[in-house]
Amino acid sequence: ESTDYPVYSYLPSSPPSPSNNFSTTFHSVLINFSAPGFSPSPANLAGNTKSPIHQPSQKMSAVSGKIVGNVFVAQTQTRRFGRRRECRCGPSYNRNHLLLPFDGSKLAAWGGLSSSMRFIHRHTLPPIHPKNNYRASFYCNATASAATAVPNLSKADFLKLQNGSDIRGVAVDGVEGEPVTLTEPVTEAIASGFAAWLLEKKKSDTSRRLRVSVGHDSRISAQVLQDAVSRGIAGAGMDVVQYGLASTPAMFNSTLTKDDTFLCPADGAIMITASHLPYNRNGFKFFTNTGGLGKADIKDILERAADIYNSFTEEHLTKSRSKASESVNKVDYMNVYTSDLVKAVRKAAGNIEKPLEGFHIVVDAGNGAGGFFAAKVLEPLGAITTGSQFLEPDGLFPNHIPNPEDKVAMKAITQAVLDNKADLGIIFDTDVDRSAAVDSSGRELNRNRLIALMSAIVLEEHPGTTIVTDSVTSDGLTTFIEKKLGGKHHRFKRGYKNVIDEAIRLNSVGEESHLAIETSGHGALKENHWLDDGAYLMVKVLNKLASARASGVSGGSKVLTDLVDGLEEPEVAVELRLKINQNHPDLKGGSFREYGEAVLKHLENSVASDPKLQKAPVNYEGVRVSGYGGWFLLRLSLHDPVLPLNIEAPSKEDAVKLGLSVASAVKEFQALDTSALDKFVQPS
């Protein structure tokens with residue numbers, strides 16, 4: 001640490017010990033270089049003090065580092081910095097193995113790098129320019145050879161990781177107030193819990209070893225967690241098939257595909273992802289050939305995991321690494337998945353080899369796992385994909401959040417469409433189970449518009465079918481589906497699994513439904529095994545383009561724009577989040593959920609006494625009310641101490657009137673933070 005020049009390498013001559021305040025499970029090494037006009041070389045990185053970068057006269061921003069859990073986080077006092085990159089090192093510890101030079105403008109492994117060092121990505125870095133202050137950091141987690149005793153965790157600690165039908169937690173330290181909850185032992189226990197659950201479900205077929213596929217998105221903790229998951233599965237006596245970078249829909253498909261070459265079908269599948277959450281988070285989604293697991297299944301797995309975790313010993317953790325090495329296979333399943341998507345579009349166009357030839361389509365993957373769509377789906381179909389952006393996986397998400405609901409993300413893909421004069425833009429979330437589009441004029445096709453588009457496509461194929469959506473869809477969408485398209489709109493609860501399960505239930509009682517879709521971009525079709533697949537949604541859109549061209553209809557994406565013509569859209573549409581202070585005495589020792597329900601009940605009673613407001617006759621979540629030409633919905637969040645308030649109206653004045661109705665009803669609830677609502681209703 002220096003105020004005159006940065007530390008270029010921090011390479012202890014031997015693995016640090018616990019007494020040096022390093023993690024006893026991991027020791028971490030940071031290689032950091034930063035200099036104007038300097039290309040690092042092995043000699044310089046090894047400590048050549050004659051290098052100009054070591055001269056105090058060349059003042060640089062001070063770099064400080066701190067050990068946080070199992071990651072060494074570098075902090076700098078300047079905002080001018082390059083990209084952070086991560087590599088992960090295996091058990092061997094060798095000073096020389098950690099010296100990395102430039103090879104032109106590419107960073108490459110140098111000298112006698114051991115086979116245990118694996119780059120998550122090989123990045124092309126901008127060449128160093130004399131006028132630029134370039135900084136690059138490499139974070140290495142080298143697993144120490146000695147296992148450590150795992151800290152005690154209760155069943156309640158594990159159950160806190162449940163997020164509906166997913167598991168989510170903090171996997172990377174360094175964010176204040178967010179301690180790591182998905183450690184390697186916890187992850188291994190969760191995987192073992194899934195294996196035990198799966199074995200019980202598949203008990204009728206125990207004549208062979210069960211097989212579990214494992215994939216991950218682009219998060220920086222992905223590789224570490226994949227290894228821990230593999231140990232948990234292998235330790236339970238099952239075979240592991242690692243897919244590496246994959247999409248959530250592909251993981252489910254691996255339980256359906258029948259192809260011995262790719263070790264399919266898998267009996268179960270695990271996707272390591274936390275969707276669009278920040279870089280320090282991660283989590284798991286689980287599948288069998290019947291679909292994604294539900295809330296009850298996740299609770300069961302976590303309870304099993306808690307018992308397994310508390311039985312771990314140092315000897316067990318050591319042996320699990322050995323078992324994993326004997327039971328893990330690696331295949332490129334994404335080739336199978338993308339090939340199926342390509343076949344689906346060709347089939348829809350009458351088996352034309354390149355049905356999208358001449359179409360210019362740009363993709364924005366947000367540095368998540370969806371970059372494959374440009375080269376492996378669109379280009380084989382003949383589409384031009386120049387102008388596609390952020391296709392390279394980068395778990396720090398440096399450009400924008402991979403989220404089709406995010407305004408910055410949608411602005412990025414819209415600008416890419418306009419700048420490249422493209423026919424269509426496609427954007428995915430991190431693990432590709434959500435998507436949205438942009439037409440050639442720059443009009444966003446997400447949220448209600450995406451639902452309207454997909455409803456139009458599905459109702460052409462299945463006239464009169466029921467479209468199941470989440471609770472925050474607009475009244476204009478209901479009118480569009482029922483009056484213009486001739487379908488039925490069944491507005492249900494928030495949560496993609498809730499929407500999908502409701503569509504399945506309707507079919508089971510004789511009400512035909514072929515589409516379940518959320519405003520978030522989660523969409524599942526009956527024809528695709530009710531899997532929420534962002535890539536498959538876009539395939540349905542591409543099918544429409546391809547089939548229109550095959551029928552002699554031209555005009556690029558205008559065919560899509562025409563499909564949503566007539567959708568009434570509000571002038572004002574906002575979502576405000578009213579947080580519940582769980583420490584406020586107004587809760588009187590109760591839970592935030594109980595308090596939130598009391599707020600909703602009071603609002604419901606208040607609405608009943610206001611002749612200008614009308615409660616929705618059919619509603620499955622919260623309190624939905626129409627009035628002043630618009631509507632509002634106040635509901636309790638599925639997982640957090642928050643009451644989201646959605647308001648849509650034909651004018652700001654009408655929206656404010658709706659907001660004031662809510663504000664008046666909830667003002668006596670002192671634990672409710674209404675600051676967002678108060679600001680919204682204030683005169684402008």
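This report describes a predicted model of one protein chain, from its overall make-up to a few single residues.

## Basis of the model

Because the model is predicted, local features are given only where pLDDT is at least 70 and side-chain atom pairs only at pLDDT 80 or more, while totals for chains, interfaces and linings use all residues. Residues are numbered from 1 along each chain as its sequence is written, and side-chain values use heavy atoms, with hydrogens and water left out.

## The chain as a whole

The chain has 18 helices and 31 strands. Helices (H or I, at least four residues) and strands (E, at least two) are DSSP runs, numbered from the N terminus.

Of the 684 residues in the chain, 54% are buried. Buried means under 20% relative accessible area, exposed means over 50%, and partly exposed lies in between (1.4 Å probe, protein chains only). Contact means heavy atoms within 4.5 Å. Among contacts between residues at least 6 apart in sequence, 70% join residues at least 24 apart.

## Helix α11

Helix α11 covers residues 447-461. The expected span of a helix is 1.5 Å times one less than its number of residues.

α11 is mostly covered, with 11 of its 15 residues buried. The buried residues include Asn448 and the leucines Leu450, Leu453 and Leu459. Ile451, Ala452, Met454, Ser455, Ala456, Ile457 and Val458 are buried as well.

## Two pairs of packed helices

Two packed helices are described by the angle between their axes and the distance between the axes. Axes here are lines fitted to C-alpha atoms, for helices over the stretch in contact, and angles run from 0 to 180 degrees between N-to-C directions.

The axes of α3 (residues 184-201) and α4 (residues 222-235) come within 7 Å and cross at roughly 45°. That makes α3 oblique to α4. Angles under 35 degrees count as roughly parallel, over 145 as roughly antiparallel, 65 to 115 as roughly perpendicular, and the rest as oblique. The crossing of α3 and α4 is right-handed; a crossing is right-handed if the near helix is turned clockwise from the far one by less than a right angle, and left-handed if anticlockwise. On the α3 side the contact is made by Glu184, Thr187, Glu188, Ala191, Ser192, Phe194 and Ala195. On the α4 side are Val224, Leu225, Ala228, Val229, Arg231, Gly232 and Ile233. The contact of α3 with α4 has 8 nonpolar, 3 polar and 3 charged residues. Ala, Val, Leu, Ile, Met, Phe, Trp, Tyr, Cys and Pro count as nonpolar, Asp, Glu, Lys and Arg as charged, and the others, Gly among them, as polar.

Helices α16 (residues 592-608) and α17 (residues 652-666) pack at an angle of about 120°, with their axes 9 Å apart. That makes α16 oblique to α17. Their crossing is right-handed. Val599, His602, Leu603 and Ser606 of α16 meet Val662, Ala665 and Val666 of α17. By class, the contact of α16 with α17 has 5 nonpolar, 2 polar and no charged residues.

## Backbone exceptions

Most residues other than glycine have a negative phi, and most peptide bonds are trans. Lysine 421 has a positive phi of about 50° although it is not a glycine. Lysine 421 sits in the loop between α10 (407-419) and β19 (424-428), and it counts as exposed because its relative accessibility is 72%. Tyrosine 628 also is not a glycine, yet it has a positive phi of about 55°. Tyrosine 628 lies in the loop between β28 (623-627) and β29 (630-634) and is partly exposed at 24% relative accessibility.

A cis peptide bond joins cysteine 264 and proline 265, with omega about 10°. Proline 265 is in the loop between α5 (248-253) and β14 (268-272).

## Two loop residues and their contacts

Leucine 263 is found in the loop between α5 and β14. With a relative accessible area of 24%, leucine 263 is partly exposed. Leaving aside neighbours within four places in sequence, leucine 263 is in contact with Arg211, Val241, Asn329 and Val331. The C-alpha atoms of leucine 263 and valine 241, 22 residues apart along the chain, are separated by 7.6 Å.

Glycine 556 is in the loop between α14 (534-550) and α15 (558-563). Glycine 556 is buried, since its relative accessible area is 18%. Not counting residues up to four places away in sequence, glycine 556 touches Phe359, Asp423 and Leu545. The C-alpha atoms of glycine 556 and alanine 422 are separated by 9.2 Å, with the two residues 134 apart along the chain.
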